Amino acid sequence: MPRERGSGWLLPALLLLPPICAPALAVSVAAEDAKEQIERLVSQESEKSGKSNKINIELQEIVFVIQSQSNSFHSKRAEDLVRNILKQAEELGKELPRVLLIHQMDRHDGAWTILPLMHDFSASYGRNSSWIFFCEEDTRIQIVKLLETLRRFDKSKEWFLGKALYDEESTIIHHYAFAENPTIFKFPDFAAGWALSIPLVNKLANKLKSEPLKSDFTIDLKHEKGNGPHLTPVPEFCTDDLNAYKAVNCATMFSNFLPVCGDPVKKEDIFVAVKTCRKFHRDRIPIVKQTWEGEAAVVEYYSDYAETSIPTIDLGVPNTERGHCGKTFAILERFLNHSSSKTPWLVIVDDDTLISIFRLRKLLSCYDPNEPVFLGERYGYGLGTGGYSYITGGGGMVFSREAIQKLLASKCQCYSNDAPDDMVLGMCFSGLGIPITHCPLFHQARPMDYPKDYLAHQIPISFHKHWNIDPVKVYFTWLAPKMEDSFTEKKQRRIREDL
C-alpha cells in the first residue's frame, strides 16, 4: 500500500495541495449551523457578565479557527476553548472575536486539511480581517500576549507564522524530503497554533482557482511540501506546559498530557487482534510477548497458519504481501460474532506495532462506546477531489462495537483480499457518514521518524516498524507503564480543575 506518497505546493511545511481536528460562509449549510452555535456561545458569555465591551479593532481583526472534530468528546473540548477565548476577550473589555470550529465547516471530508477552505476564508474575511489564527482543541491562548505578538508583523504583507519543527534526518513519513539536509525545512507544530495573514489567505484562494487541489495521499499535513512563503518561527508560540516557568512569555501553550475522563476502561473491555503471518511467527511475535502483551487481558493472533505454541488462529484467509483487507474484515466479523457482547472495544494492530494498552485504557475513558468510534492516526486520500480520510493501520486502529455493527450491516466490503484494509475502512465509514477520529498519539512510524520537539509534548500510545531499531528498547523507553504516569494523571486533573 503506497502510504509514503504525497504531493503538495504553495506553503512549504504545511499547506498541501492536492491530509484538523462559520458565520459568513453562506455557501455552506454546515457553516450556517456553525454561525448559530458560535453566536449562542457568544450570547451566553455576554449574558453571564452583563458588561458592555469597548470596540477594539485589533481583536476583531483575528479570526480564530479551532481544528476541532465532531466526536462528542472532542467537540466539547473545542467548545470549552471557545468559551475560554470569549471569556478572556470579555474580561479585557474587548469586543468578542469570531471563533470557528472546523468540524462545523466540514462540507466534505477534506476540510481538516485547511486549503479547501481558503476560498471561503478569503470571501468571508478577506476585507475586514487581518489574521486567521489556527489552533488545536488543547492549545491554550493568552489573548493579550497573542495581540502583542501579532503586532510585530506588518499585516499588509504575506505571513506564515508558527513554532518551527524540523527533521533531524530524512524520514519515510515525509517522503525522504530534503534528504541532503532535512533540517533546513521548517514546518509548524500545530499544537502551538499558527497564523496566516489575510494577504496570504487571499493569494492562496486566488491560486487555487487556477490550480485546483490535486493531491493523492496526505500523510503529515503540517509537513506537506511545496513552493511558497517560508514559515516564520515565532518564539511566543509555545508547547510548554501551562505551569512551566517559560509560560509567562508565551502567547500559546499546550495541555501536554494524556486525556483522562474518569477511571481507565477495564482490561477486559479491550479485545486486541494482532495481524501476522507464518513467516513472522519467530521474529515479531516474541517481541510482542516481551513488551506489551502482558498489558492486555484478551489478545488473539490471526495468521495464515495455526500454531498452538503462540497460539495463532487461521481465519481461512490466504496471506497477501500487502493490503490484508480480507484478513481485517474476517477479524471484524469474528469480533462481532464470537467475542463477548459485553466487550465494547476492538483494537487491530500489526505484528510490528508497539503499543501501550495501559495508556489506551486511559484514553478510551473519554469516548462513548455506544457511539460509532473509529480512532487512530488520520491520513487522507484524494481529499482535494472528494476523497476520504482513513486511520492508518500501522499505528493501530480502534473500533467501538457500535462502529463495527454499522460497518458490517452496511455490506461495504473489500474488493479483493489484498486491498489496503485501512483505506477500504476509511472509504466505507465515509460512505456511512461516520467521521473518523484523529488522535496524534498513535504513530505510523518509529520515534526517530518524528521531530524531538514534536514528541516532547506527547505521551505516545503507539509506534510502528522494527526497522533499524531495538523494538524492546523503544517500547520500554517510550511506551511501558511508568511511575510518572500516575503522577501525570493526578497533575492533569488538578490542571483541569484550574481551567
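**Strand pairing and a helix contact**

Biologist: How many bridges join strand 3 to strand 8?
Modeller: Strand 3 covers residues 131-135 and runs antiparallel to strand 8. Strands pair if DSSP finds at least two bridges between them. Here the number of bridges is four.

Biologist: What kind of model is this?
Modeller: Residues are numbered from 1 along each chain as its sequence is written, and side-chain values use heavy atoms, with hydrogens and water left out. Local features need pLDDT of at least 70, side-chain atom pairs count only at pLDDT 80 or more, and totals for chains, interfaces and linings use all residues, as the model is predicted.

Biologist: Which residue stands opposite Ala-195 in strand 8?
Modeller: Strands are DSSP runs of E, at least two residues, and helices are runs of H or I, at least four, numbered from the N terminus. Ala-195 and Ser-197 point one way from strand 8, and Trp-194 and Leu-196 the other. All are buried, meaning under 20% relative accessible area with a 1.4 Å probe, protein chains only (exposed is over 50%, partly exposed in between). The residue opposite Ala-195 is Phe-133.

Biologist: Which residue stands opposite Leu-196 in strand 8?
Modeller: Strand 5 (residues 160-162) runs antiparallel to strand 8, with three bridges. Opposite Leu-196 is Phe-160.

Biologist: Which residue of strand 2 stands opposite Phe-64?
Modeller: Strand 1 (residues 62-66) runs parallel to strand 2 (residues 98-101), joined by four bridges. Phe-64 points one way from strand 1 with Ile-62 and Ile-66. Its opposite residue in strand 2 is Val-99.

Biologist: What is the hand of the crossover from strand 1 to strand 2?
Modeller: The chain passes through helix 3 (residues 72-91) on the way. Look with the strands pointing away: if the path from the first strand over the helix to the second runs clockwise, the hand is right. This β-α-β crossover is right-handed.

Biologist: How far apart are the end C-alpha atoms of helix 11?
Modeller: Helix 11 has 12 residues, 421-432. The expected span is 1.5 Å times one less than the number of residues, so it should be 16 Å. The ends agree with that, at 17 Å.

Biologist: How do helix 8 and helix 11 lie to each other?
Modeller: Their axes, lines fitted to C-alpha atoms over the stretch in contact, come within 8 Å and cross at roughly 60 degrees. Angles run from 0 to 180 degrees between N-to-C directions. Under 35 is roughly parallel, over 145 roughly antiparallel, 65 to 115 roughly perpendicular, and the rest oblique. The two helices are therefore oblique.
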